[in-house]
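Let's walk through this fold together, strand by strand and then pocket by pocket. Keep the viewer open as you read.

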Amino acid sequence: MSYVDGFVLPVPRDRLDDYRKLARKAGKVWMEHGALAYHECVADDVDAGKRTSFPRSVKLKEDEVVVFAYILYKSRAQRDKVNRMVMADPRIAGIDPASIPFDGKRMFWGGFKSLVEM
């Protein structure tokens, strides 16, 4: 069964192109180090919800959009190995946190074991 890292974050609409450039760069690095797939998705059909929702989860502001991203791996062990290499890669390790085009304090993420694969 595969393993997935998932991420949800708010991106200002006027920084979406900057975010896309960063995501393409990051995706290339993850794939070079062994990820099976890398996806970055921008919200298209998400309601605010009354109690919970993607927008509520990141305290979305009016000028922002939700991004949902996930990376697929063979296993947790392979994910841990890939992530160690990615974090040591100068193309990622050298990114100035002040230049990141989103509010990292409102980002959340986690690793997930597959429950059903089809």
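This is a predicted model: local features need pLDDT of at least 70, side-chain atom pairs count only at pLDDT 80 or more; totals for chains, interfaces and linings use all residues.

E2 and E3 pair in the antiparallel sense, over 6 bridges. Helices (H or I, at least four residues) and strands (E, at least two) are DSSP runs, numbered from the N terminus, and two strands pair if DSSP finds at least two bridges between them.

Residues are numbered from 1 along each chain as its sequence is written, and side-chain values use heavy atoms, with hydrogens and water left out.

Now zoom out to the sheet. It's an open one made of 4 strands, in the order E2-E3-E1-E4, with antiparallel pairing. Strand E2 (37-42) and strand E4 (108-113) sit at the edges with a single partner strand each, so one side of each has no neighbour in the sheet. From one strand to the next, the twist averages 15°; for angles, axes are lines fitted to C-alpha atoms (for helices over the stretch in contact), and values run from 0 to 180 degrees between N-to-C directions.

Next, follow strand E1 (residues 3-12), which is joined to E4 by 6 bridges, the two running antiparallel. Phe7 stands opposite Trp109 in E4, and Val8 stands opposite Phe108 in E4. E1 also runs antiparallel to E3, with 10 bridges joining them. Here Val4 has Leu72 in E3 as its bridge partner, and Val11 stands opposite Val65 in E3.

How enclosed are these strands? For E1, 9 of the 10 residues are buried, so the strand is largely enclosed by the rest of the structure. E3 has 7 of its 10 residues buried, so it too is largely enclosed by the rest of the structure. Buried means under 20% relative accessible area, exposed means over 50%, and partly exposed lies in between (1.4 Å probe, protein chains only).

Leaving aside its neighbours within four places in sequence, Val66 is in contact (heavy atoms within 4.5 Å) with Val8, Leu9, Cys41, Val42, Ala43, Phe54, Pro55, Val58 and Leu60. Val66 and Val11 are 55 residues apart in sequence, yet their C-alpha atoms are 6.3 Å apart in space.

Lys59 is exposed, with a relative accessible area of 65%. Its phi is near 50°, a positive value in a residue other than glycine.

Finally, the pockets. On a 1 Å grid over the protein atoms alone, a pocket is an open set of points with protein on both sides within 12 Å along at least five of seven lines, whereas a cavity is a set where a 1.4 Å probe fits but cannot get out; lining residues have an atom within 4 Å of a point. Grid points are joined across faces, edges and corners, and a volume is the space filled by probe spheres set on the points.

The largest pocket holds about 620 Å³ of space. It is lined by 22 residues, and the closest to its centre are Trp30, Met87, Ile92, Phe102 and Met107. Two or more lining residues come from each of E1, H1, E2, E3 and helix H3 (76-88), with H1 giving the most, 5 residues. By class, this lining has 18 nonpolar, 1 polar and 3 charged residues. Ala, Val, Leu, Ile, Met, Phe, Trp, Tyr, Cys and Pro count as nonpolar, Asp, Glu, Lys and Arg as charged, and the others, Gly among them, as polar.

The second largest pocket has about 190 Å³ of space. Its lining consists of Leu16, Tyr19, Arg20, Ala23, Arg24, Glu40, Cys41, Val42 and Val67. H1 supplies the largest share, 5 residues, and the classes split into 6 nonpolar, no polar and 3 charged.
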